[in-house]
Each structure stands twice: as structure tokens, then as C-alpha cells.
Amino acid sequence: MSKNLNLDSAQEVSTVLSPPPIILVVDDNPVIADSMAQILKRYGYAALAAYDCEGAIETALLRPPALLITDVCLPKMSGIELATIL
């Protein structure tokens with residue numbers, strides 16, 4: 001008798017076979033950045049939080065993200081400029 005593979009089991013198998021994608025969350029409000037990163041981690045992503053563009057660039061150089069989630073209005077540089085750099 002074969003067992004049906006549901007979505008949760010497929011995600012578990014995928015996580016075992018390959019590392020989860022890195023998502024970089026950038027917001028100058030640490031509560032927002034940290035909360036979003038924690039939510040993404042619950043869904044199996046490797047989420048990292050940064051609180052300014054300089055920190056985001058440093059983080060991305062060490063662990064290149066597959067996806068960037070950023071606030072548009074950030075000090076010193078906009079989220080759009082950050083996305084263009086990364």
C-alpha cells in the first residue's frame with residue numbers, strides 16, 4: 001500500500017535535499033524586519049533581517065539572498081536603490 005505524498009511532506013523532502021532559499025528583509029524599524037524574518041523562518045526559509053542599507057549590503061555579500069523584501073523609504077538610500085545594487 002503506497003502512502004500519498006502531501007504538500008507538507010514534499011516540502012520536508014525538499015528541505016532535506018537542498019538548503020532553503022535565503023530571504024533578506026530590510027526595514028529601518030527592527031520590530032517589522034525581525035517579525036517578517038521570524039514569520040518566513042516558520043515557513044522554512046532562511047530569513048535574515050537588516051535595519052539599514054549598509055547592513056543589508058554587508059549581509060548580502062556574506063550570504064547572497066535569493067529574494068529581497070525591503071521598505072522603500074529607508075534613510076540614506078531608498079529600497080529601490082538598494083534592490084538595484086543587490
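Cys-73 first. Cys-73 is exposed, at 63% relative accessibility. Now set Cys-53 beside it. That cysteine is buried, with a relative accessible area of 1%. Keep in mind that this is a predicted model. How many disulfides does a search of the whole structure find? The count is 0.

Next, the overall layout. The protein has 4 helices and 3 strands. In sequence order, the pattern reads α-β-α-β-α-β-α. What share of the 86 residues is buried? The figure is 26%. Cys-53 belongs to that buried class, because its 1% relative accessible area falls under the 20% cut-off.

On to the charges. Four acidic residues gather in a patch of negative charge on the surface. They are Asp-28, Asp-52, Glu-54 and Glu-58. Take two of these in turn. Where is Asp-52? Asp-52 sits in the loop that runs between β2, residues 46-50, and α3, residues 53-62. Its relative accessibility is 33%, so it counts as partly exposed. Glu-54 is in helix α3. Its relative accessible area is 34%, so Glu-54 is partly exposed too. Why do both land in that class? Asp-52 has 33%, and Glu-54 has 34%.

Stay with Glu-54, and look at what lies across from it in space. Met-77 is 23 residues away in sequence, yet the C-alpha atoms are 9.1 Å apart. Lys-76 is 22 residues from Glu-54 in sequence, with a C-alpha to C-alpha distance of 9.2 Å.

That brings me to Lys-76 itself. Which loop holds Lys-76? The loop between β3, residues 67-70, and α4, residues 79-85. Is Lys-76 buried or exposed? Exposed, because its relative accessibility is 77%. The backbone deserves a look here as well. Most residues other than glycine have a negative phi. Lys-76 is not a glycine, yet its phi is positive, about 75 degrees.

Ile-80 is found in α4. Buried or exposed, for this isoleucine? Ile-80 is exposed, with a relative accessible area of 55%.

Last topic, the nonpolar surface. Which residues form a nonpolar patch there? Ile-39, Tyr-43 and Tyr-45 do. Together they have about 350 Å² of accessible area. Pick out Tyr-45. Tyr-45 is in the loop between α2, residues 30-42, and β2. With a relative accessible area of 35%, Tyr-45 is partly exposed.

To recap. The search for disulfides gives 0. The surface carries a negative patch that includes Asp-52 and Glu-54, and a nonpolar patch that includes Tyr-45. Lys-76 has that positive phi. Questions, please.

How values were computed
Residues are numbered from 1 along each chain as its sequence is written. This is a predicted model: local features need pLDDT of at least 70, side-chain atom pairs count only at pLDDT 80 or more; totals for chains, interfaces and linings use all residues. Side-chain values use heavy atoms; hydrogens and water are left out. Patches are made of residues with over 30% relative accessible area and no salt bridge: like charges are joined within 9 Å, nonpolar side chains (Val, Leu, Ile, Met, Phe, Trp, Tyr) within 5 Å. Accessible areas come from the Shrake-Rupley method with a 1.4 Å probe; for residues, only the protein chains shown count as cover. A salt bridge is a side-chain nitrogen of Lys or Arg within 4 Å of a carboxyl oxygen of Asp or Glu. Lys and Arg count as positive and Asp and Glu as negative; His and the chain ends are not counted. The place of a charge is taken as NZ of Lys, CZ of Arg, CG of Asp or CD of Glu. Helices (H or I, at least four residues) and strands (E, at least two) are DSSP runs, numbered from the N terminus. Buried means under 20% relative accessible area, exposed over 50%, partly exposed in between (1.4 Å probe, protein chains only). A disulfide is a pair of cysteine sulfur atoms within 2.5 Å.
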